[in-house]
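Dear colleague,

Please find below the structure that I am handing over to you. My notes on it follow directly after it.

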Protein chains: 2
Amino acid sequence: MAQAYWQNGITEKACFSLFCRRLPVNRGFLVFAGLDDIIDYLEEFRFTNEDIEYLRSLNIFESEFLLYLKTLRFRGTVRAMKEGDIFFANEPVVEVEAPIIEAQIIETYLINQINVQSMLATKASRIVVAAKGLAVVDFASRRTQGLDSALDFAKLSYAAGFSGTSNVLAGREFGIPIQGTMAHSFINAFIDEKSAFRAYAKSFPKFCTFLVDTYDSIQGVKNAIVVAGEMRAEGNNLFAIRIDSGDLFDLTNNSRRLLDQSGFSDVKIIVSGGLDEFDIQALLEKGAKVDGFGVGTKPGVSSDAPWTDMVYKLVEYAGQAVVKLSSGKVTLPGPKQVNRILDKDGYFTGDILSLKSEKISDKTVSLLQEKMVSGERIVEKSRIKDIRICLAEGIKSIPGKYKTIVNPEVYSADISPKLGELDDLIKSNIKSKLSL
Amino acid sequence: MAQAYWQNGITEKACFSLFCRRLPVNRGFLVFAGLDDIIDYLEEFRFTNEDIEYLRSLNIFESEFLLYLKTLRFRGTVRAMKEGDIFFANEPVVEVEAPIIEAQIIETYLINQINVQSMLATKASRIVVAAKGLAVVDFASRRTQGLDSALDFAKLSYAAGFSGTSNVLAGREFGIPIQGTMAHSFINAFIDEKSAFRAYAKSFPKFCTFLVDTYDSIQGVKNAIVVAGEMRAEGNNLFAIRIDSGDLFDLTNNSRRLLDQSGFSDVKIIVSGGLDEFDIQALLEKGAKVDGFGVGTKPGVSSDAPWTDMVYKLVEYAGQAVVKLSSGKVTLPGPKQVNRILDKDGYFTGDILSLKSEKISDKTVSLLQEKMVSGERIVEKSRIKDIRICLAEGIKSIPGKYKTIVNPEVYSADISPKLGELDDLIKSNIKSKLSL
């Protein structure tokens with residue numbers, strides 16, 4: 001495509017808009033994430049000599065075009081929401097203005113990163129909403145779709161409010177608390193379960209969680225109580241037990257009773273084993289005696305919605321607004337602004353999608369702001385603790401009916417009169433051309 | 001866990017087994033992939049000085065243990081299936097024998113890579129089965145969960161029989177044919193659709209596919225026919241049209257008729273737009289006039305089964321076979337072999353799970369073979385074209401009832417008498433200890 005643009009003189013400035021056409025099932029909101037990575041990418045964007053030689057070997061590119069690619073850099077403008085912002089269907093989260101080849105050739109990277117990071121940040125936020133303030137730890141790394149999404153999920157789930165991650169590299173890279181317990185193999189390696197618990201207590205006397213379901217969960221709790229008693233005699237406290245299989249409602253309630261009866265009401269109960277926000281909500285609604293959750297597989301791949309309908313569409317070329325009319329995939333024309341209205345208590349009460357150039361009101365918040373100008377970053381990188389604060393405030397500001405875990409109401413942005421007029425004009429122009 | 005093993009003298013040799021407990025929905029078989037990456041990882045495995053300093057800063061590790069980690073290398077043995085092998089539930093695909101800390105600490109990486117690569121190779125194979133010999137191109141990169149899984153899917157889908165990928169980096173890295181067409185933005189950037197087609201034909205006169213659904217698909221086909229006529233006058237042939245939205249059955253049949261009536265029966269019809277193996281099968285069963293498919297979003301995340309129940313379990317420690325009995329997660333003891341029986345036509349007729357040391361028959365194929373010994377690779381890296389051949393043969397050898405797209409029959413491995421005896425013995429030992 002780039003060569004065809006170049007050979008045909010299609011090199012004017014373009015504006016592309018990145019947005020999600022429809023929210024996935026049961027999603028009442030999405031969380032924006034991935035901006036810092038795309039800015040890093042755009043700042044470093046270039047073809048190496050090896051890249052050029054590979055392209056030359058394909059015999060489909062002309063030499064002059066390859067010379068052009070060799071010096072190509074991204075020198076455009078990026079307007080975007082900020083990391084951790086809440087967004088809804090059809091709202092641009094990133095807009096790129098640059099000569100069309102620069103803006104087009106980055107498409108795949110931009111969609112990929114904003115799609116996966118926003119999807120994972122959203123999934124993690126839903127878990128946090130369902131857990132109603134209880135601690136949640138990320139155990140996802142072994143089952144994410146690759147290694148970079150393991151790091152992404154560790155980072156984004158912490159930003160969403162998790163208390164820590166079992167991914168030690170993420171701990172080092174992002175300064176996230178690392179947390180973990182033993183695996184079943186640890187129990188299996190000892191002559192019996194109590195020996196394994198004693199060994200672990202010896203190594204981690206101050207922060208110790210016992211996995212109790214390797215052979216028989218209730219017997220495991222009884223063994224944990226024995227070792228917790230030995231620990232107490234030495235001035236240490238067992239932090240928690242973890243149950244990873246079976247009927248978690250029955251097992252947690254029975255474990256709580258056994259622990260309390262034995263004088264260990266301070267020992268917490270953590271559950272894990274294929275949990276997602278639906279399971280967590282169901283357990284808490286039934287009144288399970290649980291103090292925290294370890295989650296991994298399903299959240300780490302956003303299993304009920306493992307992709308979003310994120311797209312990157314040309315909305316203006318050479319100063320002319322454009323649209324597509326493909327069945328089910330119609331776009332709105334022109335560079336835009338997302339204007340958010342808050343009520344006096346800070347709740348979102350509505351968004352207005354407007355032309356970028358349009359003045360809506362002093363009272364709305366303009367969510368798209370310049371992040372790169374002439375190919376250079378003009379805002380500092382987000383710190384994970386700032387994203388965590390922004391996201392917590394954002395989630396709090398979503399009215400309850402839009403953030404239920406199942407079947408939330410649809411929050412849809414209004415279209416400003418000027419954007420509506422432009423849309424009508426462009427679409428009727430195209431239709432009259434088509435009918436000629 | 002490693003520190004607790006080390007501090008408690010649990011440092012003997014262990015055997016861990018990597019297998020999938022249950023196949024995901026509608027999966028009658030899985031395709032093994034990821035071996036070469038895990039061998040590379042194990043060969044390079046070490047803690048850097050920066051890693052050690054980070055761990056020290058956590059104040060939970062003792063200095064001598066950190067010194068031990070600093071010199072830790074993987075020196076174990078890896079037995080595994082080969083890239084592209086077909087496997088079923090509960091069959092070990094990788095077994096690792098090493099001192100327990102070495103074998104344990106690599107768990108997350110091993111599960112992650114074998115899980116994601118096997119899952120994507122399986123999904124791509126299902127698409128190839130459904131497409132019944134028609135060409136399929138990988139368009140997944142923009143929606144995979146991260147960049148490494150985009151490369152993985154490009155590689156693995158080519159191994160599974162796709163004809164090419166739109167991921168140019170994968171083309172360079174793995175020598176895969178790169179294929180692609182224009183995006184809607186390309187059409188939008190021109191004054192009208194015909195101008196866009198003409199420009200593209202000028203740039204790629206020998207291999208040119210027109211995307212026809214930007215404004216109106218049938219009008220788009222008519223415009224493609226006009227430009228195809230102009231191309232023919234200059235001695236070139238339009239290769240294909242692509243339809244990316246709408247009712248693909250009606251549109252392809254109408255397009256075929258229009259093309260044929262205009263003398264362009266050589267122009268192929270390619271469809272895309274959220275397709276997976278279920279859609280492809282349905283289109284072909286209805287008799288859609290289609291010559292090829294572009295697939296992306298759903299296959300690239302294995303959307304109907306975005307994770308598998310892949311686990312890595314201790315099966316032997318210090319020469320003693322071990323098991324876990326957790327509800328729904330019971331394991332079989334000891335290092336194993338997967339023995340496959342083929343009939344005279346080469347079809348799989350059954351697998352036998354046996355002890356590694358057990359002799360089953362000269363007529364079965366032993367699927368687990370040594371790939372690393374003493375921490376060193378002893379087999380060459382697989383070449384993608386060899387995996388492609390192995391996988392095509394493997395798929396052909398699966399009896400039809402196990403490879404239907406929907407509700408395949410369950411192919412389950414038998415357990416050898418000796419493995420069964422050992423399992424009974426170990427489990428009754430544990431149960432008698434629990435009841436004490």
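Predicted model: local features only at pLDDT ≥ 70, side-chain atom pairs only at ≥ 80, totals over all residues.

Residues are numbered from 1 along each chain as its sequence is written, and chains are lettered from A and ligands numbered from 1 in the order in which they are written.

Chain A overall

Chain A holds 16 helices and 19 strands; these are DSSP runs numbered from the N terminus, with helices (H or I) of at least four residues and strands (E) of at least two. The C-alpha trace of chain A spans about 85 × 55 × 40 Å along its principal axes. Of the 436 residues in chain A, 49% are buried, where buried means that 20 or more other C-beta atoms lie within 10 Å of the residue's own, with C-beta atoms placed from the backbone. Among the contacts in chain A with a separation of 6 or more, 71% are between residues 24 or more positions apart; a contact requires C-beta atoms, placed from the backbone, to lie within 7 Å.

Domains of chain A

Chain A is divided into domain 1 (2–117 + 313–434) and domain 2 (121–300), with bounds from an automatic or database domain assignment. Taken over C-alpha atoms, the centres of the two domains of chain A are separated by 39 Å. In chain A, 15 residues of domain 1 are in contact with 19 residues of domain 2. On the domain 1 side, strand S2 (30–31), H6 and helix H15 (384–397) of chain A each give two or more residues, and H15(A) supplies the largest share, six residues.

Contact between the chains

The contact between the chains takes 69 residues from chain A and 68 residues from chain B. On the side of chain A that touches chain B, the largest share, six residues, comes from H6(A). That side of chain A has 29 nonpolar, 25 polar and 15 charged residues, with Ala, Val, Leu, Ile, Met, Phe, Trp, Tyr, Cys and Pro counted as nonpolar, Asp, Glu, Lys and Arg as charged, and the others, Gly among them, as polar.

A sheet in chain B

Chain B has an open sheet of seven strands in the order S13-S12-S1-S5-S3-S17-S18, with antiparallel pairing; strands pair if DSSP finds at least two bridges between them. Its edge strands are S13 (320–321) and S18 (376–377) of chain B. Two bridges join S17(B) (residues 369–373) to S18(B), and Met372(B) has Arg377(B) as its bridge partner.

Within the sheet, five of the six residues of S5(B) (residues 94–99) are buried, so this strand is largely enclosed by the rest of the structure. S5(B) is joined to S1(B) (residues 13–20) by six bridges and to S3(B) by four bridges. Val94(B) stands opposite Leu18(B) and also opposite Ala80(B).

Nonpolar core

The largest nonpolar core has 235 residues, and those with the most contacts inside it are Leu18(A), Ala224(A), Leu18(B) and Ala224(B). Such a core is a set of buried Ala, Val, Leu, Ile, Met, Phe, Trp, Tyr and Cys residues joined through C-beta atoms within 7 Å. Not counting residues up to four places away in sequence, Ala224(A) touches Phe197(A), Phe210(A), Val212(A), Leu238(A) and Ile241(A).

With kind regards

Notes: Buried ≥ 20, exposed ≤ 12 C-beta atoms within 10 Å, placed from the backbone. Contact = placed C-beta atoms within 7 Å.
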